[in-house]
Amino acid sequence: MNDKALAKVRATALELPETEERLSHGQPTFFVAGKQFAQFRENHHGDGKTVVCVRVSGLDEQAMLLEADPETYSKPAYMPTWLSINLAGDDVDWDHVSDRIAQSWELAAPRRLLEAGGR
């Protein structure tokens, strides 16, 4: 397992308010108020990829990002309005990954957390 990438995803996700980690479908997955907002996947169903899956606002945002940067983004299996971010290699933009994880948290977090100042 890519321990370095998982450690960075884990640190980013767990610093967000009321986040918990548990396995979902055998993958390290992060939840806020019971809603999933990020999932670390490595070689999921033999795809050979190391990614973090995050929520997006909808299919339009997903399509725009997939078209704009196909080296970074891919469409995750079984998650229709989510995006996978490539974590392989030495040139990963971890600030960008952290921001996308935080945006995903905001899409999943309950209103009371967002009204309290969110992240």
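Me: Is Leu66 buried, exposed or partly exposed?
Reply: Buried means under 20% relative accessible area, exposed means over 50%, and partly exposed lies in between (1.4 Å probe, protein chains only). Leu66 has 23% relative accessibility, so the label is partly exposed.

Me: What kind of model is this?
Reply: Residues are numbered from 1 along each chain as its sequence is written, and side-chain values use heavy atoms, leaving out hydrogens and water. Local features need pLDDT of at least 70, side-chain atom pairs count only at pLDDT 80 or more, and totals for chains, interfaces and linings use all residues, for this is a predicted model.

Me: Which helix holds Leu66?
Reply: Helices (H or I, at least four residues) and strands (E, at least two) are DSSP runs, numbered from the N terminus. On that basis, Leu66 sits in helix H2.

Me: Which residues does Leu66 touch, not counting residues up to four places away in sequence?
Reply: Contact means heavy atoms within 4.5 Å. With residues up to four places away left out, Leu66 touches Tyr73, Ser74, Lys75 and Leu83.

Me: Is Ser74 buried or exposed?
Reply: Ser74 belongs to strand S5. Not counting residues up to four places away in sequence, its contacts are Lys49, Leu66, Leu83 and Ser84. Ser74 has 16% relative accessibility, so it counts as buried.

Me: Which strands stand at the edges of the sheet?
Reply: Two strands pair if DSSP finds at least two bridges between them. Here six strands form an open sheet with antiparallel pairing, in the order S1-S2-S3-S4-S6-S5. Each edge strand has a single partner, so one side is left without a neighbour in the sheet: these are S1 and S5.

Me: How many bridges join S1 to S2?
Reply: S1 and S2 run antiparallel. Glu20 stands opposite Phe31 in S2. The number of bridges joining S1 to S2 is six.

Me: What angle does helix H2 make with S6?
Reply: Helix H2 (residues 59–68) packs on the sheet and touches S5 and S6. Axes are lines fitted to C-alpha atoms, for helices over the stretch in contact, and angles run from 0 to 180 degrees between N-to-C directions. For H2 and S6 the angle is about 25 degrees.

Me: What is the phi of His25?
Reply: Most residues other than glycine have a negative phi. His25 lies in the loop between strand S1 (19–24) and strand S2 (27–32). At 76% relative accessibility, His25 is exposed. His25 is not a glycine, yet its phi is positive, about 55 degrees.

Me: Where is Tyr78 found?
Reply: Tyr78 is not a glycine, but has a positive phi of about 70 degrees. Its relative accessible area is 66%, so Tyr78 is exposed. Its place is the loop between strand S5 (73–74) and strand S6 (82–86).
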